Amino acid sequence: MGEYEVTVFTGNLAFANTFNNVFIKLVGTDGESNRTWLVNIKGAAAFGQGKVSSFSVSCPKSIGKLVLIELDKQCLPLFPDDAWFCSKVEVKYPEGDIYSVPIYRWISDSEVHRFSEATALRVFEHNHHLGKYTRQQELKQREKDYRWDVYAEGMPHTIEAKDPLSLPAEVRFSFTKTAEFAYTAATGLAELSLKGLADSTENWTDFDSIKRVFCCKRTDISDYVQKHWKEDAFFGYQFLNGTNPILIQRCTTLPKNFPVDEARMADVIHPSLSGEMKKGNIFLCDYKCLDGVKTNTINGKKQYLAAPLVLLYKTPNDNLVPVAIQLKQTPAVDNRIFYPTDPEYDWLMAKTFVRSADFNEHQLNTHLLRTHLLAEVFAVSLLRNMPMVHPLYKLLIPHTRYTLQINLLARSNLISEEGNFTKFASSGGEGMVTILRRSLSAITYNSLCIHDDIAERGLQDVPNFYYRDDGLRLWDIIYRFVQEILCYYYKNDDEVRQDTELQKWIGDIFEHGFLSRAGTGIPQKFSTVAELVKFVTMVLFTCSVQHASVNTGQYDYGAWMPNTPITLKLPPPTKWGTTSEAMMLETFPDVGTTVNGMATMWLLSRQSSDFVPLGQYPEEHFREEIPCKLIKEFQEELDALSAAIKTRNKNLDVPYTYMDPKEIENSVAI
């Protein structure tokens, strides 16, 4: 008879404990134990929050190598049936071998749940019938729990769920996250001490009034923005290191619909526009995605949204400055081109319309679509198609944490009919769906891979481009980590092609995320290890690094409303010299719209107390020595990069912190 020591780890989460009786069965390659009640001198306290408790399970003979365990819990008389969060189970054999079984989920019923031993296995590696059966049963249940839904035609598909409680417990917020995260404007308004202004429809009367509201909650960068927002060099800087660094591109030929007057730029560009274009010093931002979008009506007033073309010049002292702005896509008499030599408020108003357009483009395309919605597609496909024992599940599951619930809340509280974005942004409502559809139709695989994206936009040698510098280094660190992990499990291309679960994962992503559009360049299947490594790198990068780069700075750059108006109440000026400070104040969003926008950006930018930084894995899904060693090396590389970024930032007027690994969350969780 053999005595197996079973150690149970209850999660250190609020309400993770159980008062129910817990039973276990050990299943091995040569036999199995009886179903055994786990009881010791600790009694009910054995399964308390954060507790680690050991028990003895007897078997008449050796069960061979551990394949899986069966867990169930049964309610005691007079005690309520409760939910128990089990982190993992370790089984120590009489001979001293230790096997680990990752759980990391809530068990809330009295059914028998099967969990495989931690060694990662692909579908064709199972050589035990019960292991194969468990894998199949797990995926059948997953397909029921994680169903695709169509939120709107022409947009990536989402998870089918009515509210957070209808999500499977394993993907919901923790109690801590739920308690902290009140996803409502009222909470943000209260934290910013602005609640009394939320319903005001008054116009701003002067900049001092805006400043008084702004001073309720400031950051070092928002202070810098407030002081420098009018400056051309800072306007240009934001295209590189602000919240929307993915639009700017090098300009080698002027668009035909942007007939600039080279003479009007002679005071800025030396010796000539064409000469500087040949040198690679001219850049373009084109907001064509916003052209003709139906705009919002707020407090009974029609709102305005430009679709600008912006020409920028890299000066000899390496500043990036705007030299021409056209606010509509089609040249016309009433669509004048603005230049830096225009009257002060004409030029400032043109830049303001660009900043407002950039806010809407950023929120819907750069932020919502390219991080949140794609991360949801990656997560749902993973949860539907990958069993817990699969190496790709183990690698990517930490990077899906909270994503499904945060997106569900965004759909219900931000972009729904009564959501804050719908109510207060110029593209809220019908315009939002139009922009998202256009953006998805324009998305490409290359644009999601930062090396390819930077090269295609011609930005390899632009100075002071910290998003690029930090992003490329992070991509390379992640790529090496992913490559070494996956090459440990996939020894050749044939093994990739044979993995049906892997092929279903990418097939679902292609169909439900990119609507089966081959023109995107998104793989429809994997044929080689190299293809797999690049795609998984992109997924991990998108769900962590890219999201942090376009999310974390929202309040920094948006708290001072004149720098990032979420909507504008008057159309762009058409006549030279007619704009004034009074007209600008009248054009800005009203007081209530401003403070609601500030509150939303504050909520979306703040870090929660259970934040998990990039590369940290509190849940131990891998047990093999080499993957665990690779994780440690990954963490060391991230630490070194973090230190280098902090050193660089000491010498910058505006520190670029958004891609510091210590500040990047592992997943789209906010």
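Colleague: Which residue stands opposite Lys-92 in strand 6?

Modeller: Glu-5 stands opposite Lys-92. This is a predicted model, in which local features need pLDDT of at least 70, side-chain atom pairs count only at pLDDT 80 or more, and totals for chains, interfaces and linings use all residues. Residues are numbered from 1 along each chain as its sequence is written, and side-chain values use heavy atoms, with hydrogens and water left out.

Colleague: How many bridges join strand 1 to strand 6, and in what order do the strands of the open sheet lie?

Modeller: Strands of a sheet pair through backbone hydrogen bonds, either parallel or antiparallel. Two strands count as paired if DSSP finds at least two bridges between them, and strands are DSSP runs (E, at least two residues), just as helices are runs of H or I with at least four residues, numbered from the N terminus. Here strand 1 (residues 2–10) and strand 6 (residues 84–92) run antiparallel and are joined by six bridges. The open sheet has four strands in the order 4-1-6-7, with antiparallel pairing, and its edge strands, strand 4 (52–59) and strand 7 (98–107), each pair on one side only.

Colleague: Is strand 16 buried or exposed?

Modeller: Buried means under 20% relative accessible area, exposed means over 50%, and partly exposed lies in between (1.4 Å probe, protein chains only). Seven of the seven residues of strand 16 (residues 320–326) are buried, so this strand is largely enclosed by the rest of the structure. Six bridges join strand 16 to strand 15 (residues 309–314), the two running antiparallel, and Val-321 is the bridge partner of Tyr-313. These two strands form a hairpin with five residues between them, where Asp-318 in the turn has a positive phi of about 70°. Strand 16 also pairs with strand 17 (residues 337–338) in the antiparallel sense over two bridges, with Ile-325 opposite Phe-338.

Colleague: How many salt bridges does a search of the whole structure find, and which residue forms one with Asp-470?

Modeller: A salt bridge is a side-chain nitrogen of Lys or Arg within 4 Å of a carboxyl oxygen of Asp or Glu. The search of the whole structure finds 35 salt bridges. Asp-470 forms one with Arg-648, the closest N and O atoms being 2.7 Å apart. Asp-470 lies in helix 15 (residues 466–489) and Arg-648 in helix 22 (residues 625–649), so the pair ties together parts that are 178 residues apart in sequence. Both Asp-470 and Arg-648 are buried.
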